Amino acid sequence: MAGLKYKVLKAGFEVLAATRLTGLIRRFSASKGVIFTLHRVLPDGPQAFSPNAILQITPEFLEQAIMACRTHDIDIVDLTEARKRIEASDKTKKFAVFTFDDAYRDNLQFALPILKKHNCPFTLFVPTAFPDGEGDIWWQALEDIIAQNPSVEISLGEQQMQFATQTTEEKSTAFDEIYWHMRKVPEPDRVALMHKLANQYGYDLRKQCEELIMSWDELKTFAAEPLCTIGAHTVHHFELKKLPKKEARAEILRSFDVLEEKLGKRPTHFSYPLGGPLSAGMREFDLAAELGVETAVTTRPGGLYHDHAQHLTALPRISLNGYFQEQRFLDVFLTGAIFTAQAGMKRVNIS
């Protein structure tokens, strides 16, 4: 993850932070606001080999992000208010939305106290198999298996591969090759391959899920919190684009049903697992619309514009990225137009 692409991005962040152009861009941009993607909030920094560090920020950085919104007079709102402002044809006050994917337990331990301290509305997207201990947090499991073993043997397609995993560089090479293989194969094949690898190296996927993810009882704390909006995130966190249409529809619909049953209120907002072009496209956006979703968020980068009123099930988000936890970069994160430009200057990028 920390290759040339991220060095270039960081250089761009440095230039924007140093020149202080972000305020001018925000002032004159037609962007109405931004939605932030967050996952884990942990006090300790990542290890040398941490390919998933992009998903992890510190409590201090979360607090700095909230305070930066307030400093720049940017409203922090929930997704329903964001939808209203997107739909408004006139100019509205700039806003930011904080969203957390996957229901990690550290959100309860480290994020919630900060969110409550600053009266910060937020959304928590829950994949409903995870609180049951039945989901595969496979990206973290893959990192753990590679980190814990001096070599890893795995069948990638028809080829049996043996990876040396003693140095950080070797571990990173192994992770990248196995990860992207798993991203490209059908979901049943990916699930079978991950379970085979876990069994081979004595890794308990269920135990991992129960340790990392909140229980239903813990989630009730969030459901009862006035600042929190509970959103759906499918059942099994599958990449919907890789499923037959009928299964993709069932993953969305069932997650809404389960959340209503378990937490007493039917969600109206949805997040696509992984959320990029490989994971969700027009078919999935249309499915969410057909199921009556109020908004659905992707991980495609960009700011929010009035144009998105016609595409409320394909909203972009900006990652509060674990590789860019510098206070001076927060002004860049708050400027959605910059990320829209990065995505190719299209305000609505759903192709």
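Buried means under 20% relative accessible area, exposed means over 50%, and partly exposed lies in between (1.4 Å probe, protein chains only). This is a predicted model, in which local features need pLDDT of at least 70 and side-chain atom pairs count only at pLDDT 80 or more, while totals for chains, interfaces and linings use all residues. Residues are numbered from 1 along each chain as its sequence is written, and side-chain values use heavy atoms, with hydrogens and water left out.

**View 1. Strand S5 is covered on both faces.** Let us start with strand S5, residues 95-101. Helices (H or I, at least four residues) and strands (E, at least two) are DSSP runs, numbered from the N terminus. On one side of S5 sit Phe-95, Val-97, Thr-99 and Asp-101, on the other Ala-96, Phe-98 and Phe-100, and all are buried. Two strands pair if DSSP finds at least two bridges between them. S5 pairs in the parallel sense with strand S1 (residues 33-38) over six bridges, and Val-34 has Ala-96 of S5 as its bridge partner. Strand S4 (residues 75-76) also runs parallel to S5, joined by two bridges; here Asp-75 is partnered by Phe-95.

**View 2. Strands S7 and S8 form a hairpin.** Which residues make up the covered face of S7? They are Val-152, Ile-154 and Leu-156, while Ser-151, Glu-153 and Ser-155 make up the uncovered face of this strand (residues 151-156). S7 pairs with strand S8 (residues 159-164) in the antiparallel sense, over six bridges. Look for Ser-155, whose bridge partner in S8 is Gln-160. Two residues lie between the strands of the hairpin, where Gly-157 takes a positive phi near 70°.

**View 3. Helices H3 and H5 pack with a right-handed crossing.** Two packed helices are described by the angle between their axes and the distance between the axes. Axes are lines fitted to C-alpha atoms, for helices over the stretch in contact, and angles run from 0 to 180 degrees between N-to-C directions. The axes of H3 (residues 59-71) and H5 (residues 105-117) come within 10 Å and cross at roughly 25°. That makes H3 roughly parallel to H5 (angles under 35 degrees count as roughly parallel, over 145 as roughly antiparallel, 65 to 115 as roughly perpendicular and the rest as oblique). A crossing is right-handed if the near helix is turned clockwise from the far one by less than a right angle, and left-handed if anticlockwise. Contact means heavy atoms within 4.5 Å: H3 contributes Pro-59, Leu-62, Glu-63 and Ile-66, and H5 contributes Phe-110, Ala-111, Ile-114, Leu-115 and Lys-117.

**View 4. Helices H6 and H9 cross at roughly 115°.** The axes of H6 (residues 138-148) and H9 (residues 205-212) come within 11 Å. H6 is therefore roughly perpendicular to H9, and their crossing is right-handed. Gln-140, Ala-141 and Asp-144 of H6 meet Leu-205, Gln-208 and Leu-212 of H9.

**View 5. Thr-234 and Leu-274 each have a positive phi.** Thr-234 is not a glycine, yet its phi is near 70°. Find Thr-234 in the loop between strand S9 (228-232) and helix H11 (245-263). Is Thr-234 buried or exposed? Thr-234 is buried, with a relative accessible area of 0%. Leu-274, also not a glycine, has a phi of about 65° and lies in the loop between strand S10 (269-271) and helix H12 (282-290). Leu-274 counts as partly exposed, at 22% relative accessibility.
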